[in-house]
Amino acid sequence: MEKEQADAAGEDEEPPVSRNLSGPPETQVMTDPPVVIWEDEVRQLLHYQALLPRLEEALGKFSRRDSAEVIQPVRTTITLQKHHGFLGLMPSYMENDGILCTKLVCFYNREAGSTLPATQATVLLLDSEYGNVKAVMDGDAITNMRTAAVSAISAKLLMRPEAEVLAILGTGNQALSHYNVFTELFSFKEVRVWSHTREGAERFRNSVSGPVTACVSVEEAVRGADAIVTVTRCTEPVLFGQWVKPGAHVAAVGACRPNWRELDDVLMKEAVVYVDSREGAMAESGDVIRSGAEVFAELGDVINGTKPAHRGKTTVFKSLGMAVEDAVSAKLVFDQWKSRNSHT
Ligand SMILES: NC(=O)C1=CN([C@@H]2O[C@H](COP(=O)(O)OP(=O)(O)OC[C@H]3O[C@@H](n4cnc5c(N)ncnc54)[C@H](O)[C@@H]3O)[C@@H](O)[C@H]2O)C=CC1
Ligand SMILES: O=C(O)C1=NCCCC1
(Lines give C-alpha, C1' and ligand atoms only; values in the text may rest on other atoms or scores of the structure.)
(Ligands and ions follow the chains in the order given, each with its own letter.)
Protein backbone atom coordinates (compact mmCIF):
# COMPACT_ATOMS: atom_id res chain seq x y z
CA MET A 1 0.00 0.00 0.00
CA GLU A 2 1.26 3.51 -0.92
CA LYS A 3 2.13 5.75 2.05
CA GLU A 4 -0.69 8.24 1.23
CA GLN A 5 -3.20 5.41 1.17
CA ALA A 6 -1.92 4.02 4.45
CA ASP A 7 -2.20 7.50 6.05
CA ALA A 8 -5.75 7.89 4.79
CA ALA A 9 -6.68 4.51 6.22
CA GLY A 10 -5.17 5.59 9.56
CA GLU A 11 -2.81 2.63 9.43
CA ASP A 12 0.31 4.73 9.66
CA GLU A 13 -0.76 6.53 12.84
CA GLU A 14 1.33 6.25 16.00
CA PRO A 15 -0.30 3.60 18.20
CA PRO A 16 -1.48 4.92 21.56
CA VAL A 17 0.91 4.53 24.48
CA SER A 18 0.23 1.00 25.55
CA ARG A 19 -0.63 -0.47 28.93
CA ASN A 20 -0.38 -3.91 27.39
CA LEU A 21 2.35 -3.98 24.78
CA SER A 22 2.20 -7.73 24.37
CA GLY A 23 -1.55 -7.80 23.76
CA PRO A 24 -3.41 -7.41 20.50
CA PRO A 25 -3.74 -3.82 19.18
CA GLU A 26 -7.36 -3.49 20.30
CA THR A 27 -6.32 -3.95 23.95
CA GLN A 28 -3.75 -1.15 23.72
CA VAL A 29 -5.02 1.92 25.56
CA MET A 30 -3.62 5.39 26.08
CA THR A 31 -2.72 5.58 29.71
CA ASP A 32 -0.86 7.59 32.27
CA PRO A 33 -1.27 6.50 35.87
CA PRO A 34 -4.21 8.30 37.51
CA VAL A 35 -3.49 11.40 39.52
CA VAL A 36 -4.69 11.38 43.10
CA ILE A 37 -6.40 14.57 44.23
CA TRP A 38 -7.22 14.45 47.90
CA GLU A 39 -9.34 16.40 50.33
CA ASP A 40 -7.33 19.61 50.87
CA GLU A 41 -6.56 19.97 47.18
CA VAL A 42 -10.18 19.31 46.16
CA ARG A 43 -11.25 22.05 48.57
CA GLN A 44 -8.70 24.46 47.12
CA LEU A 45 -9.79 23.72 43.56
CA LEU A 46 -13.57 23.66 43.94
CA HIS A 47 -15.42 26.95 44.34
CA TYR A 48 -19.14 27.54 44.48
CA GLN A 49 -18.96 30.31 41.92
CA ALA A 50 -17.76 27.91 39.22
CA LEU A 51 -19.63 24.88 40.55
CA LEU A 52 -23.15 26.33 40.74
CA PRO A 53 -23.68 27.04 37.01
CA ARG A 54 -22.24 23.65 36.03
CA LEU A 55 -24.59 21.88 38.44
CA GLU A 56 -27.57 23.86 37.21
CA GLU A 57 -26.73 22.91 33.64
CA ALA A 58 -26.29 19.23 34.59
CA LEU A 59 -29.65 19.12 36.41
CA GLY A 60 -31.34 20.60 33.33
CA LYS A 61 -29.62 18.14 30.99
CA PHE A 62 -30.55 15.19 33.21
CA SER A 63 -34.22 16.14 33.21
CA ARG A 64 -34.33 16.27 29.43
CA ARG A 65 -33.82 12.47 29.46
CA ASP A 66 -31.80 12.61 26.25
CA SER A 67 -29.63 9.50 26.41
CA ALA A 68 -27.35 11.00 23.76
CA GLU A 69 -26.52 13.68 26.33
CA VAL A 70 -26.68 12.02 29.76
CA ILE A 71 -26.75 8.44 30.95
CA GLN A 72 -27.28 8.06 34.68
CA PRO A 73 -28.96 4.97 36.10
CA VAL A 74 -30.49 4.94 39.57
CA ARG A 75 -27.70 4.27 42.07
CA THR A 76 -26.98 0.58 42.66
CA THR A 77 -26.84 -0.10 46.38
CA ILE A 78 -25.67 -3.14 48.28
CA THR A 79 -26.18 -3.67 51.99
CA LEU A 80 -23.22 -3.98 54.35
CA GLN A 81 -25.27 -5.74 57.01
CA LYS A 82 -22.44 -6.35 59.48
CA HIS A 83 -21.48 -2.67 59.51
CA HIS A 84 -24.97 -1.15 59.36
CA GLY A 85 -24.16 0.45 56.05
CA PHE A 86 -24.54 0.52 52.31
CA LEU A 87 -22.28 0.82 49.30
CA GLY A 88 -23.70 3.00 46.55
CA LEU A 89 -22.29 2.89 43.00
CA MET A 90 -22.99 6.07 41.05
CA PRO A 91 -21.84 6.04 37.39
CA SER A 92 -22.68 8.61 34.74
CA TYR A 93 -21.70 9.40 31.16
CA MET A 94 -22.15 12.86 29.63
CA GLU A 95 -21.30 12.28 26.00
CA ASN A 96 -21.27 15.84 24.70
CA ASP A 97 -19.20 17.01 27.65
CA GLY A 98 -16.80 14.07 27.33
CA ILE A 99 -17.29 13.12 30.98
CA LEU A 100 -17.23 9.53 32.22
CA CYS A 101 -17.25 9.24 35.99
CA THR A 102 -18.30 7.11 38.88
CA LYS A 103 -18.53 7.64 42.61
CA LEU A 104 -18.29 4.89 45.20
CA VAL A 105 -19.93 5.93 48.42
CA CYS A 106 -20.40 3.97 51.61
CA PHE A 107 -22.93 5.38 54.04
CA TYR A 108 -23.84 4.21 57.49
CA ASN A 109 -26.89 4.05 59.72
CA ARG A 110 -26.06 5.53 63.10
CA GLU A 111 -29.44 4.65 64.54
CA ALA A 112 -28.84 0.98 63.74
CA GLY A 113 -25.58 1.15 65.72
CA SER A 114 -22.87 2.41 63.35
CA THR A 115 -20.23 4.67 64.85
CA LEU A 116 -18.71 5.39 61.42
CA PRO A 117 -18.99 8.73 59.59
CA ALA A 118 -22.17 9.30 57.57
CA THR A 119 -20.35 8.88 54.23
CA GLN A 120 -17.05 7.64 52.86
CA ALA A 121 -16.76 8.50 49.18
CA THR A 122 -14.27 8.23 46.31
CA VAL A 123 -14.74 9.65 42.82
CA LEU A 124 -13.11 8.10 39.73
CA LEU A 125 -12.88 10.29 36.62
CA LEU A 126 -12.23 8.25 33.47
CA ASP A 127 -11.06 9.08 29.99
CA SER A 128 -14.39 8.93 28.15
CA GLU A 129 -12.80 7.42 25.04
CA TYR A 130 -10.18 5.01 26.33
CA GLY A 131 -11.79 4.15 29.65
CA ASN A 132 -8.67 4.48 31.76
CA VAL A 133 -8.95 6.23 35.13
CA LYS A 134 -7.52 9.75 34.87
CA ALA A 135 -8.05 10.83 38.46
CA VAL A 136 -8.95 9.37 41.83
CA MET A 137 -10.43 12.04 44.06
CA ASP A 138 -11.58 12.40 47.60
CA GLY A 139 -15.34 12.06 47.27
CA ASP A 140 -16.36 13.54 50.59
CA ALA A 141 -15.27 17.10 49.80
CA ILE A 142 -17.07 16.82 46.46
CA THR A 143 -20.17 15.28 48.05
CA ASN A 144 -20.39 17.94 50.74
CA MET A 145 -20.02 20.85 48.33
CA ARG A 146 -22.13 19.60 45.42
CA THR A 147 -25.01 18.54 47.69
CA ALA A 148 -25.10 21.94 49.39
CA ALA A 149 -24.82 23.72 46.04
CA VAL A 150 -27.80 21.78 44.64
CA SER A 151 -29.84 22.65 47.74
CA ALA A 152 -28.88 26.29 47.19
CA ILE A 153 -30.09 26.02 43.58
CA SER A 154 -33.40 24.67 44.92
CA ALA A 155 -33.62 27.69 47.23
CA LYS A 156 -32.77 30.09 44.44
CA LEU A 157 -35.63 28.65 42.39
CA LEU A 158 -38.24 27.90 45.06
CA MET A 159 -37.61 30.05 48.16
CA ARG A 160 -39.39 33.37 48.52
CA PRO A 161 -36.96 36.19 47.63
CA GLU A 162 -37.74 38.07 50.84
CA ALA A 163 -36.63 35.11 53.00
CA GLU A 164 -35.08 36.24 56.29
CA VAL A 165 -34.69 33.19 58.53
CA LEU A 166 -32.75 30.01 57.73
CA ALA A 167 -32.99 26.94 59.98
CA ILE A 168 -30.54 24.06 59.69
CA LEU A 169 -31.40 20.74 61.36
CA GLY A 170 -28.21 18.76 61.95
CA THR A 171 -24.74 20.11 62.62
CA GLY A 172 -22.39 17.77 60.74
CA ASN A 173 -20.48 18.06 57.45
CA GLN A 174 -23.49 18.76 55.29
CA ALA A 175 -24.75 21.33 57.78
CA LEU A 176 -21.45 23.21 57.45
CA SER A 177 -21.36 23.13 53.64
CA HIS A 178 -25.02 24.20 53.51
CA TYR A 179 -24.33 27.03 55.95
CA ASN A 180 -21.39 28.19 53.83
CA VAL A 181 -23.17 28.29 50.47
CA PHE A 182 -26.54 29.55 51.79
CA THR A 183 -24.95 32.45 53.63
CA GLU A 184 -22.72 33.20 50.63
CA LEU A 185 -25.67 33.36 48.21
CA PHE A 186 -28.52 34.77 50.31
CA SER A 187 -28.88 37.53 52.90
CA PHE A 188 -30.56 35.91 55.89
CA LYS A 189 -31.14 38.06 58.96
CA GLU A 190 -31.00 35.03 61.23
CA VAL A 191 -29.52 31.53 61.00
CA ARG A 192 -30.72 28.93 63.52
CA VAL A 193 -29.31 25.46 64.05
CA TRP A 194 -30.56 22.43 65.90
CA SER A 195 -28.71 19.27 66.81
CA HIS A 196 -30.01 16.28 68.72
CA THR A 197 -27.24 17.02 71.23
CA ARG A 198 -26.74 20.41 72.87
CA GLU A 199 -22.96 20.20 72.36
CA GLY A 200 -23.47 19.64 68.62
CA ALA A 201 -25.26 22.95 68.15
CA GLU A 202 -22.74 24.82 70.34
CA ARG A 203 -19.80 23.29 68.48
CA PHE A 204 -21.33 24.27 65.19
CA ARG A 205 -21.97 27.82 66.39
CA ASN A 206 -18.35 28.16 67.46
CA SER A 207 -17.03 26.74 64.17
CA VAL A 208 -18.56 29.35 61.86
CA SER A 209 -17.74 33.02 61.63
CA GLY A 210 -21.24 34.47 61.34
CA PRO A 211 -23.94 34.73 64.04
CA VAL A 212 -25.94 31.55 64.66
CA THR A 213 -28.74 30.84 67.14
CA ALA A 214 -28.38 27.39 68.72
CA CYS A 215 -31.86 25.98 69.36
CA VAL A 216 -32.81 23.30 71.84
CA SER A 217 -35.75 21.91 69.88
CA VAL A 218 -36.64 21.43 66.23
CA GLU A 219 -39.83 23.39 66.79
CA GLU A 220 -37.89 26.37 68.17
CA ALA A 221 -35.54 26.25 65.17
CA VAL A 222 -38.13 26.02 62.42
CA ARG A 223 -41.11 28.09 63.66
CA GLY A 224 -41.28 31.14 61.39
CA ALA A 225 -38.29 30.05 59.29
CA ASP A 226 -38.46 30.84 55.55
CA ALA A 227 -35.92 28.20 54.56
CA ILE A 228 -35.25 24.91 56.33
CA VAL A 229 -32.39 22.53 55.55
CA THR A 230 -32.58 18.99 56.98
CA VAL A 231 -29.16 17.34 57.09
CA THR A 232 -29.55 14.76 59.85
CA ARG A 233 -28.87 11.05 60.08
CA CYS A 234 -32.27 10.26 61.53
CA THR A 235 -34.44 7.49 60.19
CA GLU A 236 -37.73 8.73 61.70
CA PRO A 237 -39.36 12.12 61.04
CA VAL A 238 -37.91 15.09 62.93
CA LEU A 239 -39.55 17.89 60.95
CA PHE A 240 -43.32 18.12 61.33
CA GLY A 241 -45.57 20.04 58.97
CA GLN A 242 -47.49 21.68 61.80
CA TRP A 243 -44.40 23.77 62.66
CA VAL A 244 -43.55 24.84 59.12
CA LYS A 245 -44.52 28.36 58.06
CA PRO A 246 -46.81 28.33 54.97
CA GLY A 247 -44.72 29.31 51.96
CA ALA A 248 -41.44 28.10 53.47
CA HIS A 249 -38.92 26.17 51.39
CA VAL A 250 -37.47 22.92 52.75
CA ALA A 251 -34.32 21.32 51.32
CA ALA A 252 -34.41 17.74 52.65
CA VAL A 253 -31.02 16.05 52.28
CA GLY A 254 -30.87 13.15 54.77
CA ALA A 255 -33.06 9.99 54.79
CA CYS A 256 -31.73 8.37 51.64
CA ARG A 257 -33.17 4.89 52.08
CA PRO A 258 -36.72 3.78 51.22
CA ASN A 259 -37.54 3.16 54.89
CA TRP A 260 -35.83 6.27 56.37
CA ARG A 261 -37.63 9.51 57.10
CA GLU A 262 -36.82 13.10 58.07
CA LEU A 263 -40.16 14.73 57.23
CA ASP A 264 -43.64 13.74 58.38
CA ASP A 265 -46.64 12.90 56.17
CA VAL A 266 -48.35 16.23 56.86
CA LEU A 267 -45.46 18.23 55.43
CA MET A 268 -44.97 15.87 52.48
CA LYS A 269 -48.64 16.04 51.56
CA GLU A 270 -49.10 19.80 52.09
CA ALA A 271 -46.00 20.86 50.21
CA VAL A 272 -45.31 20.95 46.49
CA VAL A 273 -42.62 18.28 46.20
CA TYR A 274 -39.62 18.66 43.90
CA VAL A 275 -36.85 16.05 43.56
CA ASP A 276 -33.50 15.72 41.81
CA SER A 277 -34.51 12.48 40.03
CA ARG A 278 -38.02 10.99 39.93
CA GLU A 279 -36.67 7.46 39.50
CA GLY A 280 -34.23 8.00 42.37
CA ALA A 281 -36.95 9.36 44.66
CA MET A 282 -39.34 6.50 43.90
CA ALA A 283 -36.60 3.96 44.59
CA GLU A 284 -34.85 5.53 47.59
CA SER A 285 -36.79 8.22 49.41
CA GLY A 286 -38.74 7.03 52.44
CA ASP A 287 -40.24 10.52 52.71
CA VAL A 288 -41.72 10.20 49.21
CA ILE A 289 -42.53 6.47 49.16
CA ARG A 290 -43.99 6.13 52.65
CA SER A 291 -45.99 9.36 52.64
CA GLY A 292 -47.48 8.60 49.23
CA ALA A 293 -46.91 12.26 48.33
CA GLU A 294 -47.03 13.23 44.68
CA VAL A 295 -43.75 14.34 43.10
CA PHE A 296 -44.58 17.52 41.24
CA ALA A 297 -41.35 18.02 39.28
CA GLU A 298 -37.61 17.59 39.11
CA LEU A 299 -35.44 20.61 39.78
CA GLY A 300 -34.19 20.23 36.21
CA ASP A 301 -37.74 20.66 34.90
CA VAL A 302 -37.88 24.07 36.59
CA ILE A 303 -34.46 24.97 35.19
CA ASN A 304 -35.63 23.90 31.71
CA GLY A 305 -38.84 25.94 32.09
CA THR A 306 -41.05 22.87 31.58
CA LYS A 307 -42.52 22.98 35.13
CA PRO A 308 -43.26 26.04 37.27
CA ALA A 309 -41.53 27.09 40.49
CA HIS A 310 -44.30 27.45 43.10
CA ARG A 311 -42.50 30.06 45.21
CA GLY A 312 -45.69 31.21 46.95
CA LYS A 313 -46.46 27.73 48.28
CA THR A 314 -44.71 25.53 50.82
CA THR A 315 -42.12 23.60 48.82
CA VAL A 316 -39.97 20.56 49.59
CA PHE A 317 -36.90 19.71 47.54
CA LYS A 318 -36.10 16.07 48.31
CA SER A 319 -32.42 15.55 47.48
CA LEU A 320 -30.96 12.07 47.10
CA GLY A 321 -27.79 13.01 45.25
CA MET A 322 -27.06 12.31 41.60
CA ALA A 323 -24.02 10.96 39.76
CA VAL A 324 -24.05 13.82 37.23
CA GLU A 325 -23.49 16.22 40.13
CA ASP A 326 -20.33 14.34 41.05
CA ALA A 327 -19.30 14.10 37.39
CA VAL A 328 -19.36 17.82 36.64
CA SER A 329 -17.72 18.56 39.99
CA ALA A 330 -14.92 16.07 39.30
CA LYS A 331 -14.39 17.48 35.81
CA LEU A 332 -14.09 20.95 37.28
CA VAL A 333 -11.58 19.77 39.90
CA PHE A 334 -9.52 17.94 37.26
CA ASP A 335 -9.51 20.88 34.82
CA GLN A 336 -8.39 23.20 37.62
CA TRP A 337 -5.74 20.70 38.69
CA LYS A 338 -4.41 20.46 35.12
CA SER A 339 -4.17 24.20 34.66
CA ARG A 340 -2.44 24.54 38.02
CA ASN A 341 0.08 21.81 37.11
CA SER A 342 0.62 22.63 33.42
CA HIS A 343 3.58 24.98 34.08
CA THR A 344 5.55 22.62 36.32
N1 LIG B 1 -28.82 14.00 49.38
C2 LIG B 1 -27.55 13.85 49.20
O3 LIG B 1 -27.04 14.07 48.11
C4 LIG B 1 -26.68 13.45 50.34
C5 LIG B 1 -27.21 13.13 51.55
N6 LIG B 1 -26.42 12.82 52.62
C7 LIG B 1 -27.08 12.56 53.89
O8 LIG B 1 -27.08 13.76 54.65
C9 LIG B 1 -27.11 13.47 56.04
C10 LIG B 1 -26.04 14.28 56.77
O11 LIG B 1 -24.75 13.88 56.32
P12 LIG B 1 -23.44 14.45 57.04
O13 LIG B 1 -23.62 15.87 57.40
O14 LIG B 1 -22.29 14.05 56.20
O15 LIG B 1 -23.44 13.59 58.37
P16 LIG B 1 -22.75 13.96 59.78
O17 LIG B 1 -22.61 12.70 60.52
O18 LIG B 1 -21.56 14.80 59.55
O19 LIG B 1 -23.87 14.83 60.47
C20 LIG B 1 -25.12 14.27 60.76
C21 LIG B 1 -25.91 15.13 61.72
O22 LIG B 1 -27.09 14.41 62.10
C23 LIG B 1 -27.19 14.43 63.53
N24 LIG B 1 -27.84 13.20 63.96
C25 LIG B 1 -27.29 12.01 64.07
N26 LIG B 1 -28.21 11.13 64.50
C27 LIG B 1 -29.34 11.82 64.67
C28 LIG B 1 -30.64 11.49 65.11
N29 LIG B 1 -30.95 10.26 65.47
N30 LIG B 1 -31.57 12.46 65.16
C31 LIG B 1 -31.26 13.69 64.79
N32 LIG B 1 -30.06 14.08 64.37
C33 LIG B 1 -29.11 13.13 64.31
C34 LIG B 1 -25.76 14.53 64.03
O35 LIG B 1 -25.70 15.10 65.30
C36 LIG B 1 -25.16 15.47 63.01
O37 LIG B 1 -25.45 16.79 63.35
C38 LIG B 1 -26.93 11.97 56.15
O39 LIG B 1 -28.22 11.39 56.30
C40 LIG B 1 -26.36 11.57 54.79
O41 LIG B 1 -26.64 10.26 54.44
C42 LIG B 1 -25.05 12.86 52.51
C43 LIG B 1 -24.46 13.14 51.32
C44 LIG B 1 -25.23 13.45 50.13
O1 LIG C 1 -25.40 11.30 46.64
C2 LIG C 1 -24.65 10.91 47.54
O3 LIG C 1 -23.43 11.04 47.48
C4 LIG C 1 -25.24 10.27 48.74
N5 LIG C 1 -26.50 10.21 48.81
C6 LIG C 1 -27.21 9.56 49.84
C7 LIG C 1 -26.41 9.22 51.02
C8 LIG C 1 -25.02 8.91 50.76
C9 LIG C 1 -24.35 9.81 49.77
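Q: How far is the polar backbone atom of Asn173 from an oxygen atom of ligand 1?
A: The distance is 2.9 Å. Keep in mind that this is a predicted model.

Q: Which polar backbone atom is 2.6 Å from an oxygen atom of ligand 1?
A: That one belongs to Thr171.

Q: How much of the accessible area of ligand 1 does the protein cover?
A: The cover is 89%. On its own, ligand 1 has 860 Å² of accessible area.

Q: How many residues surround ligand 1, and which are the closest?
A: There are 25 residues around ligand 1. The closest are Glu111, Thr171, Gln174, His196 and Thr232.

Q: Which helices each supply at least two residues of the shell around ligand 1?
A: Two are named: α4, spanning 139–158, and α5, spanning 173–185. The largest share comes from α4, with three residues.

Q: Where does ligand 1 lie relative to the domains?
A: Ligand 1 lies between domain 1 and domain 2, because both give residues to the shell around it. Domain 1 is 31–141 + 325–337, and domain 2 is 144–321.

Q: Switching to ligand 2. Which residues are around it?
A: Here is the set: Arg75, Met90, Lys103, Val105, Phe107, Thr119, Thr143, Arg146, Cys256, Leu320 and Gly321.

Q: Which side chains put a polar atom 3.1 Å or 2.5 Å from an oxygen atom of ligand 2?
A: For Arg75, a polar side-chain atom is 3.1 Å from an oxygen atom of ligand 2. For Lys103, the distance is 2.5 Å, again from a polar side-chain atom to an oxygen atom of ligand 2.

Q: What about the nitrogen atom of ligand 2: which residue has a polar backbone atom 3.0 Å from it?
A: Leu320 does. As for cover, the protein takes up 90% of the 260 Å² of accessible area that ligand 2 has on its own.

Q: Which element gives the largest share of the shell around ligand 2?
A: That is β4, with three residues. The β4 strand runs 99–108. Both β4 and α4 supply at least two residues of this shell.

Q: How does the shell around ligand 2 divide by residue type?
A: Five are nonpolar, three are polar and three are charged.

Q: Let's zoom out. How many helices and strands does the chain have?
A: There are 12 helices and 14 strands.

Q: What radius of gyration does the chain have, and what would a compact globule have?
A: The chain has 22 Å. A compact globule with 344 residues would be near 20 Å, so the two agree. The C-alpha atoms fill a box of roughly 80 × 40 × 40 Å along the principal axes.

Q: What percentage of the residues count as buried?
A: Of the 344 residues, 52% count as buried.

Q: New topic: Thr197. Where is it?
A: Thr197 sits in the loop between β8, which covers 190–194, and α6, which covers 198–207. With a relative accessible area of 28%, Thr197 is partly exposed. The cut-offs are under 20% for buried and over 50% for exposed.

Q: Which backbone nitrogen lies 3.2 Å from a polar atom of the Thr197 side chain?
A: The backbone nitrogen of Gly200.

Q: And how far is Thr197 from Gly170?
A: They are 27 residues apart in sequence. In space, the C-alpha to C-alpha distance is 9.5 Å.

Q: Last one, backbone angles. What phi does Arg65 have?
A: Arg65 has a positive phi of about 50°, although it is not a glycine. Most residues other than glycine have a negative phi. Arg65 lies in the loop between α3 (48–63) and β2 (76–80). Its relative accessibility is 37%, so Arg65 counts as partly exposed.

Q: What phi does His84 have, and where is His84 found?
A: His84 has a positive phi of about 55° and is not a glycine either. His84 is in the loop between β2 and β3, the latter at 85–94. At 32% relative accessible area, His84 is partly exposed.

Technical notes
Residues are numbered from 1 along each chain as its sequence is written. Chains are lettered from A and ligands numbered from 1 in the order in which they are written. This is a predicted model: local features need pLDDT of at least 70, side-chain atom pairs count only at pLDDT 80 or more; totals for chains, interfaces and linings use all residues. Side-chain values use heavy atoms; hydrogens and water are left out. A residue is near a molecule or strand if one of its heavy atoms lies within 4 Å of it. A polar contact is a pair of N or O atoms within 3.5 Å; within protein, one must be able to donate a hydrogen and the other to accept it, and residues adjacent in sequence count only if both atoms are side-chain atoms. Accessible areas come from the Shrake-Rupley method with a 1.4 Å probe; for residues, only the protein chains shown count as cover. Helices (H or I, at least four residues) and strands (E, at least two) are DSSP runs, numbered from the N terminus. Domain bounds come from an automatic or database domain assignment. The radius of gyration is taken over C-alpha atoms; the globule rule is 2.2 Å times the number of residues to the power 0.38. Buried means under 20% relative accessible area, exposed over 50%, partly exposed in between (1.4 Å probe, protein chains only). Ala, Val, Leu, Ile, Met, Phe, Trp, Tyr, Cys and Pro count as nonpolar, Asp, Glu, Lys and Arg as charged, and the others, Gly among them, as polar.
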